[in-house]
Amino acid sequence: MVGGYVGRILFANLSTGEFKEIPLQEKMCRDFIGGYGIGARILYSMQKPGVDPMGPENMLGFVSGPLTGTPVATAARYSVVAKSPLTGGWGDANSGGYFGPYLKFSGYDALFFTGISPKPVYLLIDNGNAQLKDAAYVWGKDTYETEDLLMSEYGNQSRVACIGPAGEKLSLIAGILTDHGSLAARSVLARSWDPKN
């Protein structure tokens, strides 16, 4: 694997609860540099054209770059990519804080979600093992409360990316928050489970 990458991408299907891991190819890393480039390549090559931005086939990706998690200045950033519910076109946002490096430290360069869960869930990655957990106890909480509750359960070395009530209600101005204030909000990429299911 080329320097700066772990070499693994995790796909989580929220409808089925299934996970799929694929290797991050060196050619992709060289041709599409960084989280933004890799995220764009995966969305454009794997997502069907014309998907509903709020539907189960829209992919939501969290992608780190080759410098994420290194001591280089501004290397804590990660990108969030999807088809934007606001515009119906390309959507991306980025954020700093600890989440990007911890994504890479968890053993993955990127996470991509598809599907819509019939109930609120969150993804837990613990020592490289991924599982979907029941999120009913954090549902309706604001992002600070959600982050505090999950970190109290999993420890101060864990990291949380979450949505709050605006994202839960499918607001077109919602964002994804980490570290009590690092916000990925451009393009309205917060997604939620479908309360109609």
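Reader: Why is Cys-29 called buried?

Author: Happy to start there. This is a predicted model, and in it Cys-29 has a relative accessible area of 4%.

Reader: How many disulfides does the structure hold?

Author: The structure holds 0 disulfides. A pair of cysteine sulfur atoms would have to lie within 2.5 Å to be counted.

Reader: Why is Glu-18 called exposed?

Author: Here the value falls on the other side of the scale. Glu-18 has a relative accessible area of 53%, and exposed means over 50%, so Glu-18 qualifies as exposed.

Reader: Where does Glu-18 sit, and which residues does Glu-18 touch?

Author: Glu-18 belongs to strand E2, which covers residues 18-23. Leaving aside residues up to four places away in sequence, Glu-18 touches Phe-11, Ala-12 and Asn-13; contact here means heavy atoms within 4.5 Å.

Reader: How do you know that E1 and E2 pair?

Author: Two strands pair if there are at least two bridges between them. Strand E1 (residues 8-13) and E2 share 6 bridges, in the antiparallel sense, so by the rule of at least two they are a pair. Within this pairing, Phe-11 stands opposite Lys-20 in E2.

Reader: What makes E2 and E5 edge strands?

Author: Let's take the whole sheet. It is open, built from 6 strands in the order E2-E1-E6-E3-E4-E5, with mixed pairing. E2 and strand E5 (90-95) each have a single partner strand, so one side of each is left without a neighbour in the sheet. On average, neighbouring strands of this sheet are turned by 15° against each other, direction ignored.

Reader: What does the side chain of Ser-95 reach, and at what distance?

Author: The side chain of Ser-95 reaches the backbone nitrogen of Leu-183 at 3.5 Å. A polar contact is a pair of N or O atoms within 3.5 Å, so the value given for Ser-95 and Leu-183 stands at that cut-off.

Technical notes: Residues numbered from 1 in each chain as written. Predicted model: local features only at pLDDT ≥ 70, side-chain atom pairs only at ≥ 80, totals over all residues. Heavy atoms only, no water. Helix = DSSP H or I, 4+ residues; strand = E, 2+ residues; numbered from the N terminus. Buried < 20%, exposed > 50% of the residue type's maximum accessible area, 1.4 Å probe, protein only. Axes fitted to C-alpha atoms, helices over the stretch in contact; angles between N-to-C directions. Polar contact = N/O pair within 3.5 Å; in protein donor to acceptor, adjacent residues only side chain to side chain.
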